[in-house]
Amino acid sequence: MAEINVTPLVDVMLVLLIIFMVTAPMITSSVQVNLPQANAKPANADSKPITVTVDDKGKVYLNNSEIPLNNLVSTLQEASKNNADQRIFIRGDKQVDYGTMLQVMADIVQGGFTKVSLLAQQPGQ
């Protein structure tokens, strides 16, 4: 045979693609938090979300940069270009006070954002 068989090459490339698709979301945020576990199914991923993180000391981060809680809504509006349908993921350490997480969520919802989700760690991860 004088032909090159490309099937193994395609198989290897598809495996690499899947590996990168699985690992890319894990390295998007560098703020370390200890997420609680939940059995809920993951939400649809139709656009790139904005991530708000609350660490174990109660500090609020917007995409890895620390911001004061009273500037959260205005900063989110700038980041989303006043798009109220922008998906916002809230990550919170499991040691964070419930009131702090509730205040962050309430501020975001009162700012007019409608697609706000809490992130949790899947069991077994």
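Reader: Which residue in β5 stands opposite Phe89?
Author: Phe89 stands opposite Ser117 in β5. The model is a predicted one.

Reader: How do β4 and β5 run, and how many bridges join them?
Author: The two strands run parallel, and 4 bridges join β4 to β5.

Reader: Is β4 enclosed or open, and why?
Author: Strand β4, residues 87–92, is largely enclosed by the rest of the structure, because 6 of its 6 residues are buried. Both faces are covered. Arg87, Phe89 and Arg91 are buried on one side, and Ile88, Ile90 and Gly92 are buried on the other.

Reader: Let us turn to the core. Which residues of the largest nonpolar core touch the most other members?
Author: That core has 16 residues, and those with the most contacts to other members are Val52, Val60, Leu72, Leu76, Ile90, Val104 and Ile108. At least two residues of the core come from each of β1, β2 (60–62), α2 (72–80), β4 and α3. As a general matter, nonpolar side chains in soluble globular proteins tend to be buried together.

Reader: What is Ile108 in contact with?
Author: Setting aside neighbours within four places in sequence, Ile108 is in contact with Val52, Leu72, Val73, Leu76, Ile88, Ile90, Phe113 and Val116.

Reader: Where does Val116 lie?
Author: Val116 lies in strand β5, which spans residues 115–118.

Reader: Buried or exposed, that Val116?
Author: Val116 has a relative accessible area of 17%, and the cut-off for buried is under 20%, so Val116 is buried. Beyond residues up to four places away in sequence, Val116 touches Ile88, Ile90, Met105, Ile108 and Val109. Met105 is 11 residues from Val116 along the chain, and their C-alpha atoms are separated by 7.7 Å.

Reader: How exposed are Asp56 and Lys57?
Author: Asp56 counts as partly exposed, at 43% relative accessibility. Lys57 is exposed, with a relative accessible area of 64%.

Notes. Residues are numbered from 1 along each chain as its sequence is written. This is a predicted model: local features need pLDDT of at least 70, side-chain atom pairs count only at pLDDT 80 or more; totals for chains, interfaces and linings use all residues. Side-chain values use heavy atoms; hydrogens and water are left out. Buried means under 20% relative accessible area, exposed over 50%, partly exposed in between (1.4 Å probe, protein chains only). Contact means heavy atoms within 4.5 Å. Two strands pair if DSSP finds at least two bridges between them. A nonpolar core is a set of buried Ala, Val, Leu, Ile, Met, Phe, Trp, Tyr and Cys residues joined through side-chain atoms within 4.5 Å.
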